[in-house]
Amino acid sequence: MNNSIIYVVDDDASICKALSLLLKSNGFKVETFTSAEEFLAFKHPKIQSCLILDIRLPNINGFALQEIMAQRGIITPVIFITGHGDIPMSVKAMKAGAIDFLPKPFTEKKLLEAITLALSKSKVQNKQQAEIEKIKQRMDTLSPRELEVFHYVAQGLLNKNIASKRGTSLQTIKVHRGRVMQKMQAKTVTELIGFAKKVGFSTTPV
Amino acid sequence: MKIKTRGNLEEQIRQGADREKLGADREKQGANREKLAEEQIQVRTKAMESTFDGIFIIDAKKPNFPIIYANPSFYSLTGYSRNEVIGKNYFLLYGLDDNSRIYEEIKKTLRQGKSFHGEMLNFKKNGEKFWSLLRITLVRDKNGITTHYVGNKTDTTLMRQRDLEIAEQREELLHVTRVGKLAEFVSSLAHEISQPLTAILSYAQAAQRTLKDREPQVQEILQFIVNDDQRAAEVIRRLRSLLKKNKPTFEPLDINVIINDTVRLIMPHITAGNKIVKLDLDTSLPYFQGDRIQLQQVILNLISNSLEAMESSEDSHELIIKTSRKGKEMIMVEVKDSGCGIPEENMKKLFAHFFTSKPDGLGMGLSISRSIVEAHGGHLEAKNNPDQGATFYFTIPVNLKNDL
């Protein structure tokens, strides 16, 4: 809990203040914002976090903010809160990947349950994110030719197929491939393909 | 005709022959006239026999005022046969029913020497009810004495029924509008109240957390606050679920039909205000999926707003409703008035809940209209016209994407 942060975005300043007090009394670190723009302007530390987000906001509403966050790579689980609790809205929220949808007013218990769930998801997300970044860093060390070989290997091509595709000797491919394995720190080909999948590299045969 | 005498015999003879000819001519003329009169009577009788209105004639000189003539329409209208009508008193035909007051009224009017005009509920011979418009006029002789009464009876049942249907539709629409307004009002109110309730609940629970095991008395008070906050929340939840019931029903609709129906419903309002509505409808528009009553509500709301905007001004009286195609995917509806227009400072707040520029307005009409249009996947906007008045316009997609 020490190394986590709860964001609250609600245009009602009183709600921001009340939630901030409530969460702080529960030992959380809290940042509140009264608009989506303010939240987006904030520099998000890479720690466990979740966002308590009001759906009705001026200019950019909660759903729109969720989309913008996805585009900008701001990854944090969202708990929607709203004073207009209707079912279609909650379905939309859940479909968009929200942790929960809490109609106002909600109890501390409900909120804390949702936060616990959100933070554990955030932990997994952060871990995945860190791994992806590590893989990407390793990929950056590959030469263009090695990257190409990595691509083919990820698609399950055999060395001789790669050689005929590239128009080079089998021996050259073996050397490239060895370097790819080494630079990517992959012990097996399966692991290498796993890396490719994680960074969203195409793994389907051409 | 005077015939001059002259000395000339020849002349006399000629004149005599002429006289004879003249006499023959006169005879012929008389016969012609008779024939003509007969023809005229025939035509008039036929006309009377073929008209849809029931016509009857009462002999006013006989003591019991018997019916001496009735046309076929009268028989088919009342269900009585000739034998049951001719020679009978008109009022006896209907026996004694709750309409006797009207009959007294008719008798009184006729006795005063005035003609009668009125609509009433009648019964056919078989007891079937029908509405009729009755007019009785007096026929007088040279001395001004009433000799006959001529009655003219028109069946107005269908017209009545149509009027009744229109009134019912209007009532239904008004009811839905009232319920809709109430629902939107409660929903907005619920939102406004749930905000502070959320804050109060969180403040109280934060205080409980902060105090932990200290101050048991204050803890208890805080718990009371939490409990009552949740009680208020429960009231709001129940109110909301109560109003969730009227869900929109989507069906294929023709926007022009909706506009025509709505205009017909509020025509009395329009004509009473001395205004005119011009329809400029694109008849080639496709059908779209929508809720008929809800969209009628939107159009009704826009029309009544426009009428109100034109109320104060004498020279503005024209309202134009236009439908058109906007691109492939959209239908556009415009309601253009020549009223007072919208002050610039109100433009932004126009569609907000509780915003109104009318002294007795709730400020719900436009915000409901906008949420209805948006629920149909469209947009409702307003603008001032370059010359005079304002235009409210909205779009509706032809193919509503099922987003939810």
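1. A:Gly156, which lies just after α6(A), takes a positive phi of about 85 degrees. This is a predicted model, in which local features need pLDDT of at least 70, side-chain atom pairs count only at pLDDT 80 or more, and totals for chains, interfaces and linings use all residues. Residues are numbered from 1 along each chain as its sequence is written, while chains are lettered from A and ligands numbered from 1 in the order in which they are written.

2. Helix α6 of chain A spans residues 144–154, and its buried residues are A:Glu146, A:Val149, A:Phe150, A:Tyr152, A:Val153 and A:Ala154 (buried: 20 or more other C-beta atoms, placed from the backbone, within 10 Å of the residue's own; helices: DSSP runs of H or I, at least four residues, and strands: runs of E, at least two, numbered from the N terminus). These residues pack against α7 (159–166), α8 (170–183) and α9 (189–198) of chain A (contact: C-beta atoms, placed from the backbone, within 7 Å).

3. Strand β1 (residues 54–59) of chain B is joined to β2(B) by three bridges, in the antiparallel sense. Here B:Phe56 has B:Ala70 of β2(B) as its bridge partner.

4. β7(B) pairs in the parallel sense with strand β9 (residues 318–326) of chain B over five bridges, and B:Val277 stands opposite B:Leu319 in β9(B).

Notes:
Buried ≥ 20, exposed ≤ 12 C-beta atoms within 10 Å, placed from the backbone. Contact = placed C-beta atoms within 7 Å. Pairing = 2+ DSSP bridges.
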